[in-house]
Amino acid sequence: MGVKVHKKLNELAATAICGNDISSSVLYVSALAIAFAGQYAWITLLIVSLVLFLFRKIYGEVVGALPLNGGAYNALLNTTSKGMASFAATLTLLSYMATAVISGNEAIHYLHHLIPSMPIIISTVVLLAFFAVLTIGGITESAKVAIGIFIFHLSSLFILSVFIIFYLYENNISIFLENWHLPTQNGSILNAIFLGFAASMLGVSGFESSANFVEEQKNGVFPKTLRNMWGIVSIINPLMAVFALALFTIPMLQSDEFQNTLLIEMGNHVGGKWVATLIAIDAFLVLSGAVLTSFVGVTGLLERMTLDRVMPQFFLKKNKKGSSYRIIIMFFLLAVSVLLITNGNVKLLAGVYTISFLSVMALFGIGNILLKVKRNKLPRPEKASWVSILIAITAVIIALIGNITMETKDDLPSNLTVFLDYFIPSIIFISIMLNRTILLKFLLNSIHTIFDPVRNIVLKTDKKILLLIDEINSQEFVFFTKGDKISTLNKVMLYILKNEHTKKIKIVLALEKGQSEPPNLAQEIDFLDREYPEIAIEFLTVQGKFSPKLIRELSKKWDIPINFMFIGSPSDKFPYKIEELGGVRLII
């Protein structure tokens, strides 16, 4: 049976997967830019488009030279160290986590606008679970859903734009001109554009996603996805900001209601309830598509990290569809846990989302510089100029500084504080995985340092005890016989088994001059030796009269303290006193 070849993604499918994420920004980025830059919001969005144009070349060069999953992680892995690459990967993971939770939650909020009875948190969990299952089903199946969402989204924006243009044709652009001449917010035009630009950079989140699943794309598709994403956000984001400024006054646009659902308000204003409903449905779908982008992107990234042994090999297990289902399940559980920890107030994740994403963009630019310096001989289909790289990195750093210093609303903690709350545990985990062999060796050495002295004491004690046991067991038991019956000798064996530590016995027969050994004694002792294999029996015949003197002589000769044992009771006719014989062992 041949190996099943998984289909790779064409231009439309790949663009749809990452395009849903970046194009969903139109739902909030215009309102966000107006909140900070006022009438200059569309200018800040055009500046963002210019920065993204520069990053097209940067991403194209790096991924063209190193066409592997992983994005910034892959770029830095091949130009710096695995530790630095893992730092970028951690930021990317946090970005995807925040994207999945925020987009999923916002999608349900838009659906809740149409179905007020819908429970927000439970519905968000169900939505995350749906896309987890969809991704487990395979990337080609996921792409079909992404394409449907993407086409519906662009069609909805086209319909909305047609209604707005017709409305402005009928009612002129006086509101836009009125807004344009309002006093500058935030002190100066430059400061307003700076803050607006920092906020507007969120509109390109998702641009990095295509690089994280480049191996799933057909040859030549990747640079086309970058071009398509750039074209989409360069047109729809500034255009919607211009439309908003032409339809409503800036104070109205900066109100909470318009900040949260600007496009719905625009649709309702120019086309009535049905256009507003269309935009609400579109918002739900395209934000859901951003959740799908997170699942696909994080799968490609973690697969690469696992192949590089940063993550446990447990995550490499694939199903029949070729999906790394364990990665997807793990990411789903992470997203749900974050949703529950924040109790649905996902605005807390804005800092994680913003700082992570912008840091990844900056690191990708740095990776491009290092690639030029260290791996300049690698063939690549296109090259970014040094000037464009430095401008792009500088622009991202400016946006990063702006977001870090930006004041938050509703008494929420600062962006940097929330980011660090999630980043520090994540980077500690990744660092542990990256250095786990070193840590295990350290743990092993610590155990040896603590327990080796105890182990030596135990071994020495064990040796001493064994020697003592051997010494006790090596002591011999001496039994003097006068040719006793086998039943009497058997009692001696039983006594030793039950009462003595030693398992060695000398059976001694003292013969005076002219006496001979009883005829059956040797055979009886041999029989007992076979019956009691656990007792070592030695039969000896000595010349001499049984007496205390003979006992003392043998005791000295054998170096054995001999205590006397009677089998039966000593009679009055016994010629020796018991104390003369060294004491009594047993009287039966």
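Helices (H or I, at least four residues) and strands (E, at least two) are DSSP runs, numbered from the N terminus.

Ground rules. I am working with a predicted model, where local features need pLDDT of at least 70, side-chain atom pairs count only at pLDDT 80 or more, and totals for chains, interfaces and linings use all residues. Residues are numbered from 1 along each chain as its sequence is written, and side-chain values use heavy atoms, with hydrogens and water left out.

Entry 1, strands. I found β1 (residues 477-481) and β2 (residues 504-511) pairing in the parallel sense over five bridges. Within β2, Ile505 is the bridge partner of Phe477, and Leu509 is that of Thr481. I then checked burial (buried means under 20% relative accessible area, exposed over 50%, partly exposed in between, with a 1.4 Å probe and protein chains only). In β1, five of five residues are buried: Phe477, Phe479 and Thr481 on one side, Val478 and Phe480 on the other. For β2 I noted seven of eight buried.

I used nonpolar core for a set of buried Ala, Val, Leu, Ile, Met, Phe, Trp, Tyr and Cys residues joined through side-chain atoms within 4.5 Å. The largest has 150 residues, and Phe55, Tyr59, Met201, Leu263, Met266 and Met305 have the most contacts inside it. Apart from this core lies another of 17 residues, among them Val492, Tyr495, Ile505 and Leu521.

Is Asn105 buried or exposed? Asn105 is buried, with a relative accessible area of 1%. Leaving out residues up to four places away in sequence, Asn105 touches Ile120, Thr124, Leu339, Gly344 and Val346 (contact means heavy atoms within 4.5 Å).

On a 1 Å grid over the protein atoms alone, a pocket is an open set of points where a 1.4 Å probe fits, with protein on both sides within 12 Å along at least five of seven lines; lining residues have an atom within 4 Å of a point. Of its 46 lining residues, Leu32, Gln259, Asn260, Lys347 and Ala350 are the closest to the centre. Helix α5 gives the most to this lining, with eight residues.

Key: Pairing = 2+ DSSP bridges.
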